[in-house]
Every structure is written in C-alpha cells, then in structure tokens.
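Work through the exercises below with the sequence and the model open side by side. Try each task before you read its solution.

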Amino acid sequence: ASNYALFYVSRNATVTIKNCNIKGGGITAIVNGEASNSTNNNSTLYIDNCSISNSGSTTSPGGGIRNTVASKVVLTNSSISRNIANYGAGFQNQQGTFIVDNCSISENRSFQYGGGGGENTGNDNKGGADAYMYIVNSTIANNTSQEIGGGINNCKNGYLYVINSVIAGNATTNPQFSGGGIGNNNSTLKCTNSILMDNVYLSATGGTTEQDVYEYSSGQLSLD
C-alpha cells in the first residue's frame, strides 16, 4: 500500500470532521498529531457521523485512526470497519485520550499483533502521558487479531472504561495468545452495564474457546 494517510491533524490544532465517508488510506485513514514519539502533540479531533473504512497496512499501526501522544479523539455516531494494521486495526490510542460514543467498530483485522478492533497503549510506567479510552453506548464486534485482544488490547498501563456497550464475536487467531474480546495487560479495565459474549481464541488443536476477557500480567479488572 502507498505510504499516506487521508487526514493529518497538526500539533496543537483542533479539527472537526462531520458527515463523511472516509476510505482508502494507505497506512491509516486519520492521524491525530504530528508524530507518534512526540510528548506534546496536544491535538484535538472531533469526528461525528462518519464512516471510516478500508484503510491501513499490514506493516503499520492504527489502520482507521491513529491518535498520538497527549492528543484527544472524540468519535460520535460513527463506524470504523474493515481496516487493517499490524496492530490496532480499527484504532490505536498511543498515550492519548480516546472517547467513543454511539459508534460501531467492526470487521477490522490486525495481522501481526493485537487489538483487532483497537489498541489502547499506555506509558508502560516509564513516565509521560497515560492512555485513557472510554467506550459508551457502542458495539465492538467481529474483529480479529493475531495476538492479544481480538476486540481491544488494553496494554502498558492503559485505562479502559466500557459503559453500556456490547463487545461480541471478536477473535484472537493465534493459539499462543488469548483475550478474544479484551486483553488486559498490566492495565486498568472497568466494564459497567455492558454485554461481553461469544468472543473466542483459537486453540492449538484448531478449535475455539470462548473467552471474553483475559488478564495478562498485573492490572486491575472490574466487571459490573
């Protein structure tokens, strides 16, 4: 795929995208913030009533949306579908804030690592910004990953809050890894009034085992 994104949001900018069908980004559809390794991007992106699809590359993260360090995405009334990446196919939130409200994230695929629907990546206790992800009134369904978290991989001291949402039908396809719905790796996960069901990982014998949440390493897990 070509080495381009459809939208780049500059450092310290505030941008709103509304009522758009966004598809065909070579490495990702949207990058919020100039550089993934910067500590002061401070970009803010509002996306409303949009479809983000058919973007990404098997060698780059965040096929649909890539949110960089210290930046913020607010996604409302929208869908992220059929994007690909090496990890975080629907989205990658790298030490930023990502809010999803009344959205669908479905049929995205990570080919090399985790987070088929998306990945929430914290600071790994090494300082710098934390990663905060809020999923409200939304559906994360039918995404696949090669490693941890077919639906979402919450990792490296990330904070993930799932409220009034459905996480279903996601799969991890490598038998050495699990967390079909959510993989929680040294992070904080809190689910409230939500449905997690029919998420699976493939076993070494080729069958499937249902597993909605898997806790890797240490962390905090609350399912209400």
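A residue is buried when its relative accessible area is under 20%, exposed when it is over 50%, and partly exposed in between (1.4 Å probe, protein chains only). The model is predicted: local features need pLDDT of at least 70, side-chain atom pairs count only at pLDDT 80 or more, and totals for chains, interfaces and linings use all residues. Residues are numbered from 1 along each chain as its sequence is written, and side-chain values use heavy atoms, with hydrogens and water left out.

**Exercise 1. The whole chain**

Task: Describe the overall build of the protein, from secondary structure to burial.

Solution: 
- Start with secondary structure. The protein has zero helices and 29 strands. Both are DSSP runs, numbered from the N terminus: helices are H or I with at least four residues, strands are E with at least two.
- Check the packing. The radius of gyration is 15 Å, close to the 17 Å from the globule rule for 224 residues, so the protein is as compact as a globular protein of that length. The radius is taken over C-alpha atoms, and the rule is 2.2 Å times the number of residues to the power 0.38.
- The C-alpha trace spans about 45 × 35 × 30 Å along its principal axes.
- Read off burial. Of the 224 residues, 54% count as buried.
- Look at contacts, meaning heavy atoms within 4.5 Å. Among those between residues at least 6 apart in sequence, 81% join residues at least 24 apart.

**Exercise 2. Strand pairing**

Solution: 
- Apply the pairing rule. Two strands pair if DSSP finds at least two bridges between them.
- Write the order. The sheet runs S10-S14-S18-S22-S26-S27, with mixed pairing.
- Strand S10 (84–85) and strand S27 (208–210) each pair on one side only.
- Step inside the sheet. S22 (residues 171–172) and S26 (residues 200–202) run parallel, joined by two bridges. Thr172 stands opposite Tyr201 in S26.
- Turn to S23 (residues 182–185). Four bridges join S23 to S19 (residues 152–155), and the two run parallel. Four bridges also join S23 to S28 (residues 213–216), again parallel.
- Locate Ile182. This S23 residue stands opposite Ile152. Ile182 also stands opposite Val213 in S28.

**Exercise 3. Positive phi**

Task: What is the phi of Asn42, and what is the phi of Ala70?

Solution: 
- Recall the background. Most residues other than glycine have a negative phi.
- Take Asn42. Its phi is near 50 degrees, a positive value. Asn42 is in the loop between strand S4 (28–32) and strand S5 (44–48). With a relative accessible area of 41%, Asn42 is partly exposed.
- Take Ala70. Its phi is positive, about 65 degrees. Ala70 is in the loop between S7 and strand S8 (72–76). With a relative accessible area of 26%, Ala70 is partly exposed.
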